[in-house]
Structure formats: C-alpha cells, structure tokens
Amino acid sequence: MNRSLAFLVVLILVLTACNNKQGNTMTPTSTASTPDQFITEAESRLAELAIKLNRAQWVAANFITDDTEALSAEVNKEYIALTTELAEAARKFDGQKMSDDTARKLLLLKLSLTLPAPSNPTERDELTKIAASMEGAYGKGKYCPDGDQGKCLTLDDLEKVMRESRNPDELKKAWLGWHSISPAYKKDYVRFVELSNKGAVEMGFKDTGAMWRSNYDMPPDAFAAEMERLWQQVKPLYDSLHTYARKQLIKKYGPKVVPESGPLPAHLFGNMWSQQWGNIYDLLKPATGDPGFDLTKILQARKTDPKGMVKYGEGFFTSLGLPPLPASFWEKSLFVRPQDRDVVCHASAWDMEPAINDVRIKMCININEEDFTTIHHELGHDYYYLAYAKQPYLYRNGANDGFHEAIGDTV
Ligand SMILES: [Zn+2]
C-alpha cells in the first residue's frame with residue numbers, strides 16, 4: 001500500500017493502507033437461534049462474498065474501464081449490505097451469554113467495514129459508485145503539461161521526476177501537475193464523505209473517523225489521546241529533523257526556494273507525498289553518513305528486472321524461515337505497468353482467496369531503492385495474510401491496521 005487526504009486523504013488511507021482486505025445480496029435474514037450459530041453462518045457468507053469482491057476489485061484496478069468499475073461497485077455494494085445487515089441482525093444477541101470468541105467476532109463484524117454506507121439502497125448505490133469512479137479517476141490520472149497535443153505524464157513518470165530531479169522549478173511543476181488531477185472529483189469526494197458518515201451513524205458511531213478509530217481495542221477518544229501522547233513523544237526529534245532538513249535544503253536551493261521559517265515546500269522531498277525522504281538522502285546525509293553504496297546503482301548495474309526485485313523481497317522473508325511465495329503469486333501478480341491499458345499503479349498487496357493461498361501484489365515496479373523497499377513492505381502484507389489464512393474469516397486480519405502496515409517495514 002499502501003503511502004496511506006480530500007480524496008487523496010482517502011486514497012492514502014485506503015490505498016496506502018495498501019492492504020486490500022475486505023470485501024451482498026441479502027439472502028433472507030439469518031434464522032440462527034444462538035450467537036455461535038449466527039456467527040458461523042455469517043462468517044461463511046462473508047468469506048464467500050469476499051472472494052467475489054476481491055476478484056471484482058482486482059480486475060477493476062487492473063483494467064480500468066466503465067464496465068469493470070460498475071462490476072466492482074456492484075459487488076462492493078453487496079458486501080457492504082451483507083455486513084451491515086449482519087451487524088444489525090447481531091443486535092438481537094445483545095446481553096446474551098456467549099463464548100468469548102463469539103463476542104469478539106460480533107464486535108469485529110461491526111467494525112469490519114472500511115466504508116460504511118447508509119441503509120437506503122439508493123444512497124448505498126450512489127456511495128459505492130462514487131468510490132469506484134474515484135479510484136478509476138485516480139488510476140487513469142495523467143498530467144499533460146502541454147495540453148492534449150503533447151506527451152501526458154502518468155504518476156510513475158511524475159514520481160521519477162520527484163525522485164531524480166534537483167531542479168526546483170521542474171519539481172514544483174511535477175508536484176502541481178499531479179495535484180491538478182484531483183480537483184475534478186472534489187465534489188464527489190465531499191458527497192462520498194457525507195454518505196459514508198451517514199452509514200457510520202446508522203451503525204452507532206459518531207462518524208466514519210470515529211468508526212475507524214474504534215478498531216484499536218479502546219474507545220475512539222482514547223485512541224486519539226494515545227496518538228497525541230505518542231506524537232508529543234517524538235515531536236522533539238521531528239522538530240530537530242525538520243530544522244536540519246531546512247538547513248540542508250537552503251544550502252542546496254537557497255532561501256528564495258526554501259523559506260527560513262514556516263512549512264517546507266512539499267515538492268523538494270523526493271516523494272510525491274513528502275512521506276519518505278530517502279530519495280534526497282544525498283542532500284540530507286550528515287558528513288559521516290555515507291552508507292558506502294548506492295542501492296539503485298547496484299540494482300541497475302546487475303540488470304535486475306522487476307521480477308528479480310520481487311525475488312530479492314521473497315529471499316529476505318525466506319531467509320527468516322518463512323516459506324517461498326506460492327506459484328500463483330508469480331502467475332497472478334502485476335509487476336510492470338502495462339503499455340496498452342490504464343491500471344491503478346499505486347502499490348498494493350492483495351489477499352484474494354486464503355483457502356488456496358492466493359496472495360498477490362500489484363505495483364508498477366521501477367528499478368530503484370524506493371521500489372525495492374516498497375516491495376518488502378507489500379510482501380510483509382502478503383506474508384501476514386498467509387500466516388493467518390487458516391483463521392476463521394473475522395480473525396483473518398491484522399492485530400490492527402497500523403500493525404499490518406508496519407510488518408514489512410519492521411521485520
Ligand atoms: Zn501497506
């Protein structure tokens with residue numbers, strides 16, 4: 001994922017939360033008479049529909065067309081409807097005696113939707129269509145600096161500029177160019193938030209944000225307070241880094257480009273979202289900070305191809321004693337941006353069908369250090385998926401979203 005705000009916020013949350021877990025047509029409401037029966041039945045229905053949803057979303061992200069977008073929106077609507085109705089039906093067991101497992105699963109069921117939707121079918125339909133169309137627009141997004149006549153630049157073209165250029169005007173143009181794509185769907189995004197919040201309220205949360213913040217085994221306000229505590233803890237380090245980065249950037253670009261105070265220009269950090277600064281290590285490294293090698297150059301000198309990059313990632317995980325990736329991973333993943341069609345290139349990991357260990361990654365790999373790191377990150381998701389593939393459906397998830405994102409970066 002990821003690479004985690006307008007729609008970019010959600011993309012960065014939903015995509016950079018690049019962990020594509022989720023996944024109805026309501027068949028008649030469950031007749032289960034005990035909570036345990038109910039949850040067993042619920043899990044089997046959700047698991048089945050999740051596979052269908054994963055397939056629809058995979059195809060929509062890999063072949064962006066109006067049709068694939070509509071199919072993906074349709075199944076997403078079914079999945080949201082099933083989850084919502086099951087969560088609703090589960091209320092009849094409130095206060096009843098049940099096993100700890102079942103109680104936990106009922107809570108997870110309620111929290112499992114990333115995108116809650118209103119129960120009104122027209123509104124639910126509108127929400128899932130907006131979500132699919134914004135994803136399509138993001139994936140197809142191109143910046144055409146010379147208008148329709150000239151060459152148009154994709155996100156990876158623009159990211160290459162961000163990574164390699166040290167010309168502040170060119171960097172600013174690339175940054176502004178990419179950010180000129182999203183205003184077209186700003187109105188959709190506003191509506192998307194409105195409808196999603198309505199769905200969250202119907203499920204008993206203050207809004208979608210509060211629902212997301214409820215996923216950490218503590219009340220949402222306690223989670224916000226905990227985040228604030230952690231932020232205050234690292235803030236002195238962050239302030240020093242920020243000050244140091246300003247000094248180094250002024251050295252490189254001068255005070256006309258980099259102001260002496262206030263925010264630092266986002267286009268100077270080597271990354272479209274300024275979220276990782278590794279690409280400008282040459283500008284920021286301390287005098288004694290030369291690692292002695294340039295990974296990008298080494299990879300290029302070895303003529304590493306995209307598959308070879310992923311093999312390095314797999315080699316890291318097998319060196320820890322984990323199994324090799326299944327054969328289907330190599331057959332079904334996407335490693336290279338196709339020349340003949342639009343795809344969502346934003347790196348992501350997919351948990352397609354746990355029973356047959358069908359995990360994949362989808363990214364448009366370039367041969368450089370940043371993508372080398374991203375591959376390890378995405379494979380961290382995949383290895384985590386494989387590790388919990390045999391769990392019951394509602395337990396097939398990370399301890400929490402943050403933990404899922406951290407696995408590949410930490411191990
Ligand atoms: Zn991720």
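**Salt bridges and a domain interface**

In this predicted model, E74, K77, D125 and K129 are joined to one another in a network of salt bridges. Side chains of opposite charge can pair when their charged atoms come close. The structure as a whole holds 24 salt bridges, and several of these can be followed residue by residue.

One of them pairs E123 with K198, whose closest N and O atoms are 2.7 Å apart. Because E123 lies in helix α5 and K198 in helix α8 (residues 186–202), this pair ties together parts that are 75 residues apart in sequence. With a relative accessible area of 16%, E123 is buried, whereas K198, at 37% relative accessibility, counts as partly exposed.

Which residues form salt bridges with D358? K332 is one partner, with the closest N and O atoms 3.9 Å apart. R360 is another partner of D358, and here the closest N and O atoms are 2.9 Å apart. D358 is buried, with a relative accessible area of 4%, and R360 is also buried, at 9%, while K332 counts as partly exposed at 36% relative accessibility.

The chain can also be read by domain. The protein is divided into domain 1, made of residues 20–141 and 187–215, and domain 2, made of residues 293–411, and the centres of domain 1 and domain 2, taken over C-alpha atoms, are separated by 26 Å. In the interface, 28 residues of domain 1 are in contact with 25 residues of domain 2. Between them the two domains bury about 2,400 Å², of which 59% is on carbon and sulfur atoms.

How many salt bridges are counted between domain 1 and domain 2? The count is one, and a salt bridge is found where the side chains of E353 and R55 meet, at 3.2 Å from N to O. Across the same interface of domain 1 and domain 2, eleven residue pairs are in polar contact. On the side of domain 1 that touches domain 2, α2 (35–62), α4 (100–111) and α5 (121–140) each supply at least two residues, and α2 gives the largest share, with twelve residues. By class, that side of domain 1 has 13 nonpolar, seven polar and eight charged residues.

Note on methods
Residues are numbered from 1 along each chain as its sequence is written. This is a predicted model: local features need pLDDT of at least 70, side-chain atom pairs count only at pLDDT 80 or more; totals for chains, interfaces and linings use all residues. Side-chain values use heavy atoms; hydrogens and water are left out. Domain bounds come from an automatic or database domain assignment. Contact means heavy atoms within 4.5 Å. Buried area is the accessible area (1.4 Å probe) that two parts lose on being put together, summed over both. A salt bridge is a side-chain nitrogen of Lys or Arg within 4 Å of a carboxyl oxygen of Asp or Glu. A polar contact is a pair of N or O atoms within 3.5 Å; within protein, one must be able to donate a hydrogen and the other to accept it, and residues adjacent in sequence count only if both atoms are side-chain atoms. Helices (H or I, at least four residues) and strands (E, at least two) are DSSP runs, numbered from the N terminus. Ala, Val, Leu, Ile, Met, Phe, Trp, Tyr, Cys and Pro count as nonpolar, Asp, Glu, Lys and Arg as charged, and the others, Gly among them, as polar. Buried means under 20% relative accessible area, exposed over 50%, partly exposed in between (1.4 Å probe, protein chains only).
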